[in-house]
Amino acid sequence: MSSDQFDSALDLLRRLPPHSTSANLNRICALAPDLTEELLSSVDQPLQTRQCKKTKRDYLLCDYNRDGDSYRSPWSNEFYPEVEDAEMPSERVRKMEVRMGEALEVYRELYYEGGVSSVYFWDLDDGFAGVILLKKTTPKSNSEGGWDSIHVFEAIDRARNAHYKLTSTVILRLSTGNEALGDMDLSGNMTRQVEQDMPVQDDASHIVNVGKLVEDMELKMRNLLQEVYFGKAKDIVGDLRSLQPLTEANKDKATHQEMINSMKR
């Protein structure tokens, strides 16, 4: 694989509309198949949903529960389609995965009031790692949107403490349109990272610690999106578009300038 090709593909995806990332990624992979694995693990894209055949419950797809063209369900702990000799979490890590999944469902209902969530853990030599996924979309209509949260973490055991490294990505999509105002599309993503040492007594402490880190990070990113990104977009749109007719605006400017000139005399 050429590093120049990979860098060019990432550069191209950054310049294309964020809401079309998945379609554009598939096109690039079709043109350069050698880049497929690297691109799929490096590019954040909106999460896809699938139903577990055994439990009939929805779960989210990502690169961390994928093996070839198969995906592992967190509810049944089985791959669909089936995979021989697939890498599975150890019994200890699987138990923590289930408990985190149960806790995340409560969190999702409290904060999102619906949507889909999934948790996937895997073993590391000196600890474990995992990904926490959340997805909420609005019904398709003139106004629609979607929120995807991807939280990837590592937990490294250190005696009575554990070192956590969390990388969080939020993918936001908003669109609306009508005959009076036209079409508007606002979409993009944000990534933030944090590292922290926290006390650990048993495996249940990992669930509490990771949950707190994810909750705090989501709150910070939501506030940042609301105060900075939406606030800036509102200011720009307000400067570009005025509901006041141009003749009245020019008249107000002339009156304002006349008042300033009279004060200088």
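Trainee: How does the lining of the largest pocket divide into nonpolar, polar and charged residues?
Mentor: That lining has 15 nonpolar, 12 polar and four charged residues. Nonpolar covers Ala, Val, Leu, Ile, Met, Phe, Trp, Tyr, Cys and Pro; charged covers Asp, Glu, Lys and Arg; the others, Gly among them, are polar.

Trainee: What sort of model is this?
Mentor: It is a predicted model: local features need pLDDT of at least 70, side-chain atom pairs count only at pLDDT 80 or more, and totals for chains, interfaces and linings use all residues. Residues are numbered from 1 along each chain as its sequence is written, and side-chain values use heavy atoms, leaving out hydrogens and water.

Trainee: Back to the largest pocket. How much space lies in it?
Mentor: About 970 Å³. Its lining has 31 residues, and Leu 40, Ser 42, Val 43, Asp 44 and Gln 45 are the closest to its centre. A pocket is an open set of points on a 1 Å grid over the protein atoms alone, with protein on both sides within 12 Å along at least five of seven lines; lining residues have an atom within 4 Å of a point. Points join across faces, edges and corners, and volume is the space filled by probe spheres set on them.

Trainee: Which elements supply at least two residues of that lining?
Mentor: Helices H1 (3–15), H2 (21–31) and H3 (36–42), plus strands E8 (144–158), E9 (161–178) and E10 (182–199). These are DSSP runs numbered from the N terminus: helices are H or I with at least four residues, strands E with at least two.

Trainee: And the second largest pocket, what is its volume?
Mentor: About 310 Å³. It is lined by 13 residues, with Tyr 64, Asn 65, Arg 66, Glu 87 and Trp 122 closest to the centre. Strands E3 (66–67) and E6 (116–124) each give two or more residues. E6 has the largest share, three residues. By class, the lining of the second largest pocket is six nonpolar, one polar and six charged.

Trainee: How many cavities of 30 Å³ or more are there?
Mentor: One. In a cavity, a 1.4 Å probe fits but cannot get out. The largest cavity has a volume of about 30 Å³. Pro 18, Thr 21, Asp 44, Gln 45, Pro 46, Ile 171 and Asn 189 line it.

Trainee: Thr 21 is on that list. Buried or exposed?
Mentor: Thr 21 is buried, at 12% relative accessible area. Buried means under 20%, exposed over 50%, partly exposed in between, with a 1.4 Å probe and protein chains only. Thr 21 sits in helix H2. Beyond neighbours within four places in sequence, it is in contact (heavy atoms within 4.5 Å) with Leu 13, Val 43, Asp 44 and Gln 45.

Trainee: Which other residues of H2 are buried?
Mentor: Besides Thr 21, the buried residues of H2 are Ser 22, Asn 24, Leu 25, Ile 28 and Cys 29.

Trainee: What do they pack against?
Mentor: H1, H3 and strand E1 (48–51). The face turned away carries exposed Asn 26, Arg 27, Ala 30 and Leu 31.

Trainee: Backbone next. Where is the cis peptide bond?
Mentor: Between Tyr 80 and Pro 81, with omega about -10 degrees. Pro 81 lies in the loop between strand E5 (79–80) and helix H4 (91–111).

Trainee: Which residues have a positive phi without being a glycine?
Mentor: Lys 56 is one, at about 65 degrees. It lies in the loop between E1 and strand E2 (58–61) and is exposed at 55%. Ala 159 is another, at about 55 degrees. Ala 159 is in the loop between E8 and E9, exposed at 87%.

Trainee: Last one. How far apart are Thr 138 and Arg 158?
Mentor: 20 residues in sequence and 43 Å in space, C-alpha to C-alpha. Thr 138 lies in the loop between strand E7 (127–137) and E8, partly exposed at 40%.
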